Amino acid sequence: MSTHDLSGPGLRLDRLPRRRRVNHVMEGFAWLAAAIAIAILGIVVWSVASKGWSELNLDLVTKSPIPFSLTNAPQGLANAFAGTIVIVGLATLMALPVGILVAVYLNEFAPPAIRNGVGLVLDVLAGVPAIVVGIFVFVLLVSGSGQSGIKGAFALAILMLPFVARATIEVLVLVPNSLREASLGLGVPQWRTTLSIVLPRAIGGIVTGTVLAVARVAGETAPLLFTSSVVGTQTHWDPSQALQTIPVAIFELSESADPKDHARAWAAGFILLVFILFASLTARWLATRNARKIAGR
Amino acid sequence: MSAADATAGTTRRPFTGRRVRFGDVVLQLVAGAAALGATVLVGLIVWKLVDGSHLALSKYGLGFVTRVAWNPVVGHELYGAGSFLFGTVITSFFALLLATPFAIGVALFLTELAPRALQAPVTALVETLAAVPSVLIGLWGILVLGPALRTHIEPWLHSALGFIPLFGPPSAAGASIFTAIIVLAIMILPIVASISRELFRGVPSELKEGALALGTTRWEMVRGVVFPYARGGIAAALILGLGRAMGEAIAVTQVIGGGVFIHWSIFSTGDTLGSKIAASYQGASTNLQAASLIYLGLVLLVLSLVANIAAQWIVRRVARRHGVTRGGHA
């Protein structure tokens, strides 16, 4: 911290014009960097929206794809929409209770050493590449017995778990200790204090974290490639068989040579993107409101 | 147990502070089991990848990691991770190199320059960029960015800087390592930017004001106070970004084009560990090939674990020294 010498020749007054120029260049670059980041988002969103718009019709969500079609009959990606709803729903059912329990244990029960240790594990788990999670579930469950929607959901749940746990810990920390102490002081056991005082207070933040986690995994392709991707074209809702999903469908269509496939990929991508952006912006808005409410300010 | 039971129990027997309550034990056991499960899961991931790749592990040993080969023809089978490891290192390194100045610039803009009215919306937009799914960035990369780079940027860079082997002749296919680098840079920019922003925010304002009061320009203040103060955290942010770039499979698969060779030109096609695995999802023809693909996953897992643990270690050390809040999710 003290290694940088502020009293050096850098502060000489006779070089002030030059120093000001450097400062202007650097400030200009920072403005430019922010503008570029936003421009990239704008270009990507605009590309998806403008190219997806023409193919955006009811057939996309109500009609199944036609295999090897040479006809111009309308086809959609209904199977992918059904599959994404089932798989993401199941993944949330798996990850949410476990994630909340992990957070409750770490914040309410665990001694500091375990808290730090498992906290590190959660960060490491969050850093495991999604494709590796896909391969892991392939070796653990798919190899030998085949793919299914529920195995895909399990892979997504692994990605959701650290996310939900971290989000829950962050709100549990905000719940004032005076609430816990008041409850315990009245003779309420700790388990009841946790379940009926602490968690209800944190529920808003948990919902926000869950919405963010759902938005994140709804667009995940990699964990599903090896667990739920070998599918037919019929639309079904049965998680014991492999289900098509929107991200996997986009991935496959993007590698096709047929421009009509690209159009469907853009359209499905547009719906996915609108869902994800809507969910994350709503969650952000809720989060700022909740943080104030939880702390009782 | 109903609320009435709990109340009745506590009114009859005054709280002694030592009585073990059944409900407490159950909740602690269940919640503790969940935490233990998460820990076991990480171990299980490592073990299952070792288990799944043992055919290739026992046949090739560690030589697999550096060998440049991927020949699935039965009878001539030979596999190695060399070219994919090279592709992973070169794409993620250049992506980080490209993204870092912009990410730091965005973070400085948000903490030092932006008018108050711009701060919240720009933060939200930058984080929205991080929320765009990789398959959509890849779709845009293959259909919009790739063709644009091939017709405009690549020939120009080749003619201007072609004497450097990195900038070889553009490939005919449109897919290239260069496109993958740009796509990865776009994906890690918001991550590095948001962690850096948290770090810069943690710099005590009295230090910054002190420097400005000494007559520094704003940039001299950033260079003399903000950067040295946040140095450790920035290193961690960059390592996390690098780990993220190495692990990204989908978008890279869509734009990189594939191929088993080490080529110095970033305009040629290639493959990374992640993209080779993702591109082979429709199945392997032999058990040895399947085991080799899982071995690739194991190499990728080790790389990302090393990066993540190093970053977390730095973050925790810096947090202890400064008392700064943790910067973002890994």
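Chain A of this predicted model has a radius of gyration (taken over C-alpha atoms) of 25 Å, whereas a compact globule of 297 residues would have one near 19 Å; the globule rule is 2.2 Å times the number of residues to the power 0.38. Because the model is predicted, local features need pLDDT of at least 70 and side-chain atom pairs count only at pLDDT 80 or more, while totals for chains, interfaces and linings use all residues. Residues are numbered from 1 along each chain as its sequence is written, and chains are lettered from A in the order in which they are written.

**Chain A**
- Chain A holds 11 helices and 0 strands, which are DSSP runs (H or I, at least four residues, for helices; E, at least two, for strands) numbered from the N terminus.
- Along the principal axes, its C-alpha atoms fill a box of roughly 75 × 70 × 35 Å.

**Contact between the chains**
- Chain A gives 80 residues and chain B gives 83 residues to the contact, where two residues are in contact if their C-beta atoms, placed from the backbone, lie within 7 Å.
- Helix H1 (residues 16-53) of chain A supplies the largest share of the chain A side, 19 residues.

**Helix H5(A) against helix H2(B)**
- The axes (lines fitted to C-alpha atoms over the stretch in contact) of helix H5 (residues 130-142) of chain A and helix H2 (residues 22-52) of chain B come within 9 Å and cross at roughly 70 degrees, with angles running from 0 to 180 degrees between N-to-C directions.
- H5(A) and H2(B) are therefore roughly perpendicular (65 to 115 degrees).
- Residues making this contact include Phe136(A) of H5(A) and Leu49(B) of H2(B).

Conventions: Angles under 35 degrees count as roughly parallel, over 145 as roughly antiparallel, 65 to 115 as roughly perpendicular and the rest as oblique.
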